[in-house]
Amino acid sequence: MSILCDENTRVVVQGTGRAGSYHAEQCLAYGTRIVGGVAPGKGGQAFLGQPTFDTMTEAVRATGANCSLVFVPAPFAADALLEALDAEIELIICITEGIPALDLVRVRRAAAGRPCRIIGPNCPGVISPGKAKIGIMPGYIHLPGHVGVVSRSGTLTYETVHQLTQLGLGQSTCVGIGGDPVVGTSFVEVLEAFADDPETHAVVLIGEIGGSGEEAAAAVIKERLRHKPVVAFIAGQTAPVGKRMGHAGAIIAGGHGAATDKIAALRAAGATIAPNPNEIGSTVASRL
Amino acid sequence: MNLHEHQAKTLLRPHGVRVPPHRTVLRAGDAERAARQLIDETGAAQFVVKAQIHAGGRGKGRFKEDPELGGVQRVQSTAELVRIAERMLGRTLVTLQTGPAGRTVNRLLIEPVLPIARELYVAAVLDRVAQRICVMACGEGGVEIEEVAARAPEKILREWVDPVVGLGAYQARRLAYGLGLRDKAAKGAAEAFVGVARAFEQEDCTLLEINPLVVTQTNDVIALDAKIALDDSAAFRHPSWPDLLDTAEEHASELSAQAANLAYVKLEGTIGCMVNGAGLAMATMDIIKSFGDSPANFLDVGGGAGKDRVVTAFKIIVADANVRGIFVNIFGGIVHCDLVAQGIVDAVREVGLTVPLVVRLEGTHVEEGRRILAASGLRVASATDMADGARQIVTLAQPEHAAPASGSEAATGR
């Protein structure tokens with residue numbers, strides 16, 4: 001088993017421009033079931049051997065899609081997410097970066113009460129190795145297995161997965177939740193899913209400075225993940241106060257969001273902290 | 001992007017937040033005319049002069065060249081106003097937030113003095129946990145709010161804004177009455193709170209703080225100070241924003257990085273870093289620190305970095321005089337290692353290389369990337385993983401190794 005997605009997930013791609021086409025093709029090559037594309041005005045055109053639709057409503061009716069992979073450019077991305085919510089897509093994965101924070105506030109408000117989960121934005125997506133790759137991560141570094149990975153970062157996740165795979169430690173599902181201040185899904189929901197997934201035997205959490213998501217994650221680790229080893233790494237231990245480190249969410253502001261507080265909370269909850277980013281894989285190995 | 005106080009006040013006014021009448025001057029020679037206009041408008045006799053820099057603590061701050069003088073001055077006459085303007089403009093103001101180097105004061109805000117009865121605090125922030133705008137108000141204004149939060153957190157009242165309906169008038173009243181305000185002052189404060197929430201939302205702020213929000217002796221409620229930071233991601237729907245940018249307040253290197261779409265933050269250390277991805281870039285800074293040195297910068301070349309971006313990034317790093325060594329750490333996902341390698345080679349050929357360079361490549365097209373670096377003839381040390389790379393660059397950047405490392409005849413750019 002895995003969480004969020006598997007070989008049966010039917011994916012429609014919102015935003016079929018250059019980036020969307022390139023990455024959707026990589027997903028298809030990995031074995032993901034891409035069932036169509038959505039791009040206003042391009043209805044009827046072919047997209048990777050599947051049809052393109054003008055609206056999500058049509059796409060869902062025709063393809064039975066239950067997942068959307070969003071590449072729509074930032075100014076229009078919030079509208080694309082609202083359209084996916086309106087079509088009651090179960091899993092909406094938004095890769096787009098640079099969406100205004102308050103757009104996500106409105107999207108989250110619209111998502112309340114709907115049977116939908118949004119992952120991202122500004123994230124690499126979700127992969128259940130050997131089953132489905134729904135995102136922009138390089139598929140070949142992954143290995144099917146039993147370590148769940150959840151992260152706010154993209155390439156640092158690849159780094160982690162690479163280390164795990166080199167050590168022969170495969171992954172159940174890897175989830176990038178994104179680096180923005182407001183995201184669709186937090187560490188908490190992903191950790192709860194890993195806690196309930198019998199195929200996930202250990203969990204890696206990659207956090208970074210800013211916000212209090214890691215502190216909330218610590219509470220879940222303490223309550224729900226006592227039976228599975230958890231390894232954590234927090235990036236930005238040397239970042240200065242008040243400076244945004246690339247990700248819109250990665251800033252230590254008003255005395256909150258420092259790495260030391262996050263590390264203390266995670267350690268107190270029973271997680272093992274990787275001493276540096278080069279030893280995340282080996283720290284997992286030592287806990288298994 | 002951070003705004004100056006006078007810009008923040010101008011932005012707030014149309015949203016129903018009352019601000020004092022004001023003028024800004026860039027030259028002391030203009031101060032007299034500004035004062036005359038304010039006298040005609042308001043009948044004011046006394047003024048307050050405020051240095052406009054992107055840092056707090058201006059009142060308690062002192063000018064380097066004029067240690068008796070603070071960044072906020074009350075003056076009794078037009079003549080005194082001109083004298084103070086002459087002493088402030090072009091001088092360096094050092095506050096708790098500027099660091100010891102201070103900031104050059106290039107413009108002044110001039111306002112009439114208001115008769116203050118009470119000072120309040122109001123701010124709006126994006127509450128990441130609630131995923132909503134939160135309006136915070138406190139009956140103790142003019143002081144450090146962090147200090148109040150630590151000492152008496154119950155004194156800070158909060159209301160959350162439903163994005164569909166905005167801050168309800170009832171919520172604004174709850175704040176105003178909660179602060180002990182009555183009658184005209186309560187009504188004025190409630191209007192200001194609604195305006196703060198609306199401005200935050202419509203102007204795409206990431207921070208909006210009014211400290212103090214004052215109640216005057218006539219029970220008018222007026223923003224005496226204002227601090228606003230804007231969400232850079234929303235720039236596409238605010239065509240006037242480029243006019244608000246004060247380039248004098250930003251590091252030149254950060255501005256050129258911004259123009260090239262690179263996420264760059266100048267830091268105080270000596271190891272220049274070029275990394276793809278914000279998380280990996282922060283982790284790279286951390287690992288350099290763990291080997292006993294400090295990063296000169298944060299630099300994320302981005303997910304889709306091509307050769308040109310790598311060249312630009314490299315130029316920005318070598319332009320920093322503090323840099324004693326460069327560590328390139330790339331995990332190629334979307335980014336292809338061969339393109340990065342070619343970018344490094346091109347950049348070194350163009351701008352030269354006078355400090356050691358360590359490159360760690362992993363991921364997509366890594367073999368090709370390593371081959372390009374090896375075949376280039378450049379003195380580039382190759383690392384097997386990020387710890388190995390950090391160890392090497394920290395060693396090579398020590399003063400005893402600091403001899404020029406450029407082994408390429410082509411590296412003649414300097």
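**Contacts between chains A and B**

Biologist: How many salt bridges are there between chain B and chain A?

Modeller: This is a predicted model, so side-chain atom pairs count only at pLDDT 80 or more. In one salt bridge the side chains of A:Arg106 and B:Glu201 meet, at 2.6 Å from N to O. Between chain B and chain A the count is four salt bridges.

Biologist: Which element gives the largest share of the side of chain B that touches chain A?

Modeller: Several elements of chain B give two or more residues to that side. Among them are helix H6 (183-202), strand S18 (325-332) and helix H9 (278-290). Nine residues, the largest share, come from H9(B).

Biologist: How do the residues on that side of chain B divide into nonpolar, polar and charged?

Modeller: The contact takes 48 residues from chain B, with 52 residues from chain A. On the side of chain B that touches chain A, the residues divide into 23 nonpolar, ten polar and 15 charged.

Biologist: What area is buried between the two chains, chain B and chain A?

Modeller: Carbon and sulfur atoms give 63% of that area. The rule also finds 14 residue pairs in polar contact across this interface. The buried area is about 3900 Å².

Biologist: Is B:Asp162 buried or exposed?

Modeller: B:Asp162 is found in the loop between strand S11 (156-161) and helix H5 (169-178) of chain B. The cut-off for buried is under 20% relative accessible area. B:Asp162 has 15% relative accessibility, so B:Asp162 counts as buried.

Biologist: With which side chain does the side chain of B:Asp162 make a polar contact?

Modeller: Leaving aside neighbours within four places in sequence, B:Asp162 is in contact with B:Arg132 and A:Arg109. Within chain B, a polar atom of the B:Asp162 side chain lies 2.8 Å from the backbone nitrogen of B:Val164. The side-chain polar contact, also given as 2.8 Å, is with A:Arg109.

Biologist: How far apart in space are B:Asp162 and B:Cys134?

Modeller: In sequence, B:Asp162 and B:Cys134 are 28 residues apart. From C-alpha to C-alpha, the distance is 9.5 Å.

Biologist: Which element gives the most to the largest nonpolar core?

Modeller: That core has 94 residues, and A:Ile93 is one of those that touch the most other members. A:Ile93 touches A:Leu69, A:Ile119 and A:Val126, among others. The most residues, eight, come from H9(B).

Biologist: How many residues are in the second, separate core?

Modeller: This core includes A:Val72 and A:Ile92. B:Val215 and B:Ala223 also belong to it. The number of residues is 74.

Note on methods. Residues numbered from 1 in each chain as written. Chains lettered and ligands numbered in written order. Predicted model: local features only at pLDDT ≥ 70, side-chain atom pairs only at ≥ 80, totals over all residues. Heavy atoms only, no water. Contact = heavy atoms within 4.5 Å. Buried area = accessible area lost by both parts, 1.4 Å probe. Polar contact = N/O pair within 3.5 Å; in protein donor to acceptor, adjacent residues only side chain to side chain. Helix = DSSP H or I, 4+ residues; strand = E, 2+ residues; numbered from the N terminus. Nonpolar A, V, L, I, M, F, W, Y, C, P; charged D, E, K, R; others polar. Core = buried A, V, L, I, M, F, W, Y, C linked by side-chain atoms within 4.5 Å. Buried < 20%, exposed > 50% of the residue type's maximum accessible area, 1.4 Å probe, protein only.
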